[in-house]
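Here is a walk through a structure, written for someone who would rather look than read tables. Have it open beside you and check each spot as it comes up.

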Amino acid sequence: MTAHADPAAPRKPRSGSPGAHTPETPRALPTRLRDSLTGLGFVAPFTLLFAAFLLWPMLAALWSSFTDRSLARSDSSFVGLANWQQLAGDPAVWQSLWVTVLFTLLSTPPLVVIALVMALLTNRVSGLGWFLRFSFFAPFLLPVAVVTLIWQWMYQPGFGLINAALARVGLSEVAWLTNENTVLLSVVITTVWWTVGFNFLLYLAALQGIPRQVHEAAALDGAGAWRRLFGITLPLLRRTTALVVMLQMVASLKLFDQAYLLTDGTGGPNYAARPIIGYIVDSGFTEMNIGYASAVSYLFFAVIIVAAIIQYRLFSRPGVES
Amino acid sequence: MTPTSAVASQRRGTRPPLRFTPGGLTFTVLALFLAVVWLIPLVWAVITSLKPESETTAVPVRWLPLEPTFAAYETVIARGDLQQWLLNSTVIATVVTALTLVTCVLAAYAFSKIPFPGRSWLFALFIAGILVPPQVLIIPLFDQMTFLGLIDTYTGIALPQVVAPIMIIILKRFFDAIPRDYEEAARLDGAGHLRILVNVVLPMSTPILAAVGIFTFVQAWNNFLWPFISATDPNLMTVPVGLGTVQGSYGILYAQNMAAAVLGALPLIVVFLLFQRQVVRGVTDAGLK
C-alpha cells in the first residue's frame, strides 16, 4: 500500500500545476480512484485465467485427494486420509518417485557440463558461431514426439544407427529400450541431446556478458588459457551455473513426455522408466482414480517445493557473496 | 532497444579476433566434432525419410539411400492427418501466444505503473504461482474441463496454457526500466493508461514482446502433456500428440515415421532460422528471469 502512495504523489502536483489545464483540477481528486479502477481492470483478465486454471484446480485437487472421486462414477464421497494412507504403502509410488529422482541425478550433470563446454567452445571459436548455435540449439525446438520417433529409430537393434555403430567397432549390441537396466539411461541420453541447447544458450549469454578486458588483463599478466578458464571464467560463471543447475533439476524432476513416448506408454520393462508423473497419469486416466491421483499429484508438488527450498539454501549464499 | 544494442555491441566486442594457434585449432576441431555429433540424429532422420521402406531395415546399415525417393513423404501427406495436426498446433499456439501477450502485458503494465489496491499481494500470489508445475494440475484440470464440456475443444486445450505468471515478471521488469518521464509527458497531454500503454510503452518494448511471444509460441507448439490429456479426437490433436500417439500406430514404417518427424519439426526450425535473435533472447530472458 505504501509502495503506490508515493509514485502517485509527485504526479498530482505536476498535472495540476500548469494553469492552462484547468479541467485537470477537478479531476485531481478522482485520479486515485480512476487509477485503482484502471489497475484492477488491467489485471482482471489474467487474474480470471489464473483463478480458473491454476488456483481452482489446485484447491479442487486438494479436496479430491480426500475423496474416492473416480472418472467412472459421477458421485464421490469423503474418505478422509484413505488415499494418503494408500499412497504411503504403495510401492509403485515410491518406485516411480525413485525413477524421477534417479533420472534427475543422472541427467543434470551432463546437461550442465556439456552445455558449459559447448558455450565455451562457441564463445572461443570464431567464424562458426551461427553453425554451432544452430547445431546445439536446434534439437531443443523439436516437438517431443519428433525427438522420440528419431531416437526410437536410432535405438533399434540390428539396423538402428547406435547398435550398428557399436557392432562396427566390435562391441555387442545393447537392447536400449527393452532392457530394464538401460531404458532409463536411454531416456537420459535422448534428453541430453534434446534439451542441452537451452542451458547452452544461458551459458553463452553469460559468457558474452564477461567484458573482454578481463581476459586481456589476465593474459597480459601471463595467465595461460587454462588458468584463465579456471581462475576467471568459471568463477565469473558461478551464478549462472547455480541458475542452470536449479532450472535443470526442476526440469528433470518433471520428466514425463519423452519417457512415456520412448517406451510407447508402457513405462519400460518393469516400469523402469515410469516417472512419478507417469504414475499420476496411469492412476488418474487408466485406472480412473481421480482421488488417488490427486494425492499423488500433491506428493509430486511437495517434492518440487522441497527441491526448490534445498536449492535456495544451497545456492543463495554463494550467489549473494559474488 | 537500448538493452539489445548494448548486448549486440558487447557481443561484437567480446568476440576474439581470428587467430590460428594450435590451441585454437584444437578448439575448432572439438567444436565441429560436437556439432556433428549433435546433428547426426537429425541428418539420419532426413536420410531415412528419403529411403524406400525396404532399405531402412537393411542390415549392414548404409548411410545414403540406393534409390532416393519421396514416397514416404507422399504417403504421409496423402494420409492428411499431419496437416490437420499442423493446423491445430498453429491455431492453438497462436491463440495461446495472443492471449498470453494481451493478458500479461496488461497485468505487467498495471503492476509496473498503476497504483491500485491489492497490488502487492496479487503480485505475490502470481509469483507463488510460478512454483506450481502444470503437471500437478492435469488431473483436476481434466476433471474441470470434462465438467465444462471443454474436452476435445480448442478452447479447452488452449486456455490452461495461457496461465504463465513468469511472463508477467519478465515484462514488468522491462516496463519498470522505462523512465517515468515518457509516461508523465503523455499524462500531461491528457492520455489515459490504455493510451500510454499502446502509444508509449508498447512501441518501446518490441524486443521483449517478440522474445516473450516467440518463446510462448514455441512452448505452446511443443507442449505435450496437457494436449495429450485433453484431446482424444485425432482431429484435434497437436503435432506432438498426433505424432506421438497416432503415427506410431501405423506400424514400424521407419521412412514414413522419419518423413512425418521431419515435416513436424520443420515449422519451428524455420521460425528459428527467421527469428534466431528473438528466440535466443526469449530463451535467455525466460531462463535468467
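Start at A:Met288, which is partly exposed with a relative accessible area of 35%. (Buried means under 20% relative accessible area, exposed means over 50%, and partly exposed is in between, with a 1.4 Å probe and protein chains only.) A:Met288 sits in the loop between H14 and helix H15 (290-321) of chain A. Its phi is near 60°, a positive value in a residue other than glycine. Helices here are DSSP runs of H or I with at least four residues, strands are runs of E with at least two, and both are numbered from the N terminus.

Before going on, some housekeeping: this is a predicted model, where local features need pLDDT of at least 70 and side-chain atom pairs count only at pLDDT 80 or more, while totals for chains, interfaces and linings use all residues. Residues are numbered from 1 along each chain as its sequence is written, chains are lettered from A and ligands numbered from 1 in the order in which they are written, and side-chain values use heavy atoms, with hydrogens and water left out.

## More positive phi values, and a charge on a ring

A:Tyr271 has a positive phi too, about 55°, although it is not a glycine. Look for A:Tyr271 in the loop between helix H13 (257-262) and helix H14 (276-286) of chain A. Buried or exposed? A:Tyr271 is partly exposed, at 39% relative accessible area. The charged end of A:Arg274 sits over the A:Tyr271 ring, 3.9 Å from its centre. To count, NZ of Lys or CZ of Arg must be within 6 Å of the ring centre and within 35 degrees of the ring normal.

Helix H8 (residues 161-168) of chain A has A:Leu161, A:Ile162, A:Asn163, A:Ala164 and A:Leu166 as its buried residues. Just after H8(A) comes A:Gly170, with a positive phi of about 85°.

## Chain A as a whole

Zoom out, and chain A shows 15 helices and zero strands. It has 322 residues, and 49% of them count as buried. The accessible surface comes to about 14800 Å², with 67% of that belonging to carbon and sulfur atoms; the areas come from the Shrake-Rupley method with a 1.4 Å probe, and for residues only the protein chains shown count as cover. Of the contacts in chain A with a separation of 6 or more, 68% are between residues 24 or more positions apart. A contact means heavy atoms within 4.5 Å.

An unreviewed UniProt entry places the feature "transmembrane region" at residues 37-63, 97-122, 134-154, 183-205 and 290-310 of chain A. Residues 37-63 of chain A are 100% helix in the model, with end C-alpha atoms 34 Å apart. Residues 97-122 of chain A are also 100% helix, and there the end C-alpha atoms are 37 Å apart.

## Two aromatic pairs

Over all chains there are 34 aromatic pairs. The A:Trp226 and A:Phe230 ring centres are 6.4 Å apart with planes at 20°, so this pair is stacked. (Rings of Phe, Tyr and Trp, the last by its six-membered ring, pair if their centres lie within 6.5 Å; planes under 30 degrees apart are stacked, over 60 edge-to-face and the rest tilted.) Both residues lie in helix H11 (residues 225-236) of chain A, four residues apart, about one turn of the helix. A:Trp226 is exposed at 59%, and A:Phe230 is exposed at 54%.

Now try B:Phe111 and B:Phe126: their centres are 5.8 Å apart and their planes at 85°, so the pair is edge-to-face. B:Phe111 lies in helix H5 (residues 81-113) of chain B and B:Phe126 in helix H6 (residues 119-130) of chain B, so the pair ties together parts 15 residues apart in sequence. B:Phe111 is buried at 3% relative accessible area, and B:Phe126 is buried at 2%.

## Where chains A and B meet

A:Phe46, A:Phe50, B:Phe111, B:Phe116, B:Phe123 and B:Phe126 form one aromatic cluster. B:Lys172 lies over the face of B:Phe123, 5.1 Å from the ring centre.

What does B:Gln144 touch, leaving out residues up to four places away in sequence? Its partners are A:Ala52, A:Phe53, A:Trp56 and A:Pro57. B:Gln144 is in helix H7 (residues 138-148) of chain B and counts as buried at 13% relative accessibility.

Chain B averages a pLDDT of 87, and 89% of the residues score at least 70; pLDDT is the predictor's confidence in each residue, from 0 to 100. Over residues 1-19 of chain B, pLDDT stays under 50, and the model has 20 contacts beyond four places in sequence for them.

How values were computed. UniProt positions are given in the numbering used here, feature names are shortened, and annotations may be inferred rather than shown by experiment.
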